[in-house]
Amino acid sequence: MELKEVVQKLNQFAPTSLAEKWDNVGLLIEPSSPLQVKKIMLTNDLTPPVMEEAVAKETNLIISYHPPIFTGMKCVTQKSWKERIVTTCLENRIGVFSPHTSYDCVQDGVNDWLIKAFDVVDVRPIQNAMELHSNMSNSISCCVPRTQCDQLQEELSGIPHITDRLPPLSAETDDLMITVGCSQNNVSKVVNVMNKYTAQFIEVKQMSKVPKAGYGRGRIGKLKNKLTVDEAIQKVKSYLELDSIRVAKSPDINTLETVAVCAGSGGSLLKDVLASLYLTGEMSHHDVLHAVYSGSNVILCDHSNSERGFLKHLKTRLESQLPGVDIFVSAVDKDPLEIV
């Protein structure tokens, strides 16, 4: 399968538009075309050991959850490890795609996977993703004589838009209210066309975004059966296949009814969320203190340990979307921190 086709399939699952504005997602390294993708490696972080593994296994595309290129590079030399990864990818014709926060936000993404450490119901995002009803971000209205409506619409036909006709404004007039939905880039074009047909007002409004059901940051849900903190600890260790995790227990709450999760770093998102347990990778000392003395227990499993297990689930999903492509999870990718 050609690289561009693979990227198109990846974006169908989780459009990069779902990512946070500060993030750097999508196709980050693209060798010259055409590039046939026969083998894909999944990794949480693209480190030098993972890069060596990718080359040894003749990988064509690396899907690295965390973007290996985040801030701008002024040069690509052999001075830093990240620059060396870029040159190794290009020399070996290996593409790199990073989904990061788009996978956090998407339905059936990282956070939906993470909350499945527990048996929960009524799962929803902590903070909803917002979307327009369509890609038409502006609404433009004007009054036009009925006899000129068809001519107006014919002139608008070369501009992507949605048109709606409303009944005459009153019995004394034959004018119709025409409302056109269009993208921001086409606002001036639509207004210029409308000016030819009306001497009255032209009203331009920016459409409001609405919550996208099931998509957004973090997840919160209600436990089907109440748990103690110690029972929750065992569930997390088993689900994430970890020997050790860090726990901060609330002095007031030991029986758990609700769980809020945030893969990666959850301090800012989870702050003041009403849940008896927070599960995330990392939080600051002061955020943990605030949580436990506000009635929430905290489980921390280190940043990438809260994300890496999702790759096995992703592998199964991508295999159905990319038939004929060999997909495997890195064997050497691991969290850089160890408890000793």
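Predicted model: local features only at pLDDT ≥ 70, side-chain atom pairs only at ≥ 80, totals over all residues.

Colleague: Why are β15 and β16 called paired strands?

Modeller: Pairing needs at least two bridges. Four bridges join β15 (residues 277-282) to β16 (residues 297-300). So the pair qualifies, since four meets the cut-off of at least two. The two strands run parallel. Leu279 stands opposite Ile299 in β16.

Colleague: What makes β5 and β13 edge strands?

Modeller: The open sheet has six strands, in the order β5-β12-β14-β15-β16-β13, with mixed pairing. β5 (120-124) and β13 (246-248) each pair on one side only. The twist averages 25 degrees from one strand to the next.

Colleague: How do you know that helix α10 packs on the sheet?

Modeller: Contact means heavy atoms within 4.5 Å. Helix α10 (residues 285-292) touches β13, β15 and β16. Its direction makes about 145 degrees with that of β16. Helix α8 (residues 229-240) lies across β12, β13, β14, β15 and β16, at about 120 degrees to β12.

Colleague: Why is one side of β1 and of β17 left without a neighbour in the other sheet?

Modeller: That open sheet has the order β1-β4-β3-β2-β17. β1 (26-29) and β17 (326-329) stand at the edges with a single partner strand each, so one side of each has no neighbour in the sheet.

Colleague: What makes β2 the partner of β17?

Modeller: Four bridges, in the parallel sense, link β2 (residues 39-43) to β17. The cut-off is at least two, so the two strands pair. Met41 stands opposite Phe328 in β17. Helix α11 (residues 310-321) packs on this sheet, touching β2, β3 and β17. Its direction makes about 175 degrees with that of β17.

Colleague: How do you know which domains line the largest pocket?

Modeller: The chain is divided into domain 1 (3-103 + 307-329), domain 2 (106-128 + 216-301) and domain 3 (138-206). Domain 1 and domain 2 each give at least three residues to that lining. The volume of the largest pocket is about 650 Å³. Its lining has 25 residues, and among those nearest the centre are Leu240 and Arg308. By class, 11 are nonpolar, four polar and 10 charged.

Colleague: Which element gives the most to the lining of the second largest pocket?

Modeller: β6 does, with five residues. This pocket holds about 430 Å³ of space. Its lining has 17 residues, including Ser17 and Met130.

Conventions. Residues numbered from 1 in each chain as written. Heavy atoms only, no water. Axes fitted to C-alpha atoms, helices over the stretch in contact; angles between N-to-C directions. Domains from an automatic or database assignment. 1 Å grid on protein atoms, 1.4 Å probe; cavity = no way out; pocket = protein on both sides within 12 Å on 5 of 7 lines; lining within 4 Å. Points joined across faces, edges and corners; volume = space filled by probe spheres on them. Nonpolar A, V, L, I, M, F, W, Y, C, P; charged D, E, K, R; others polar.
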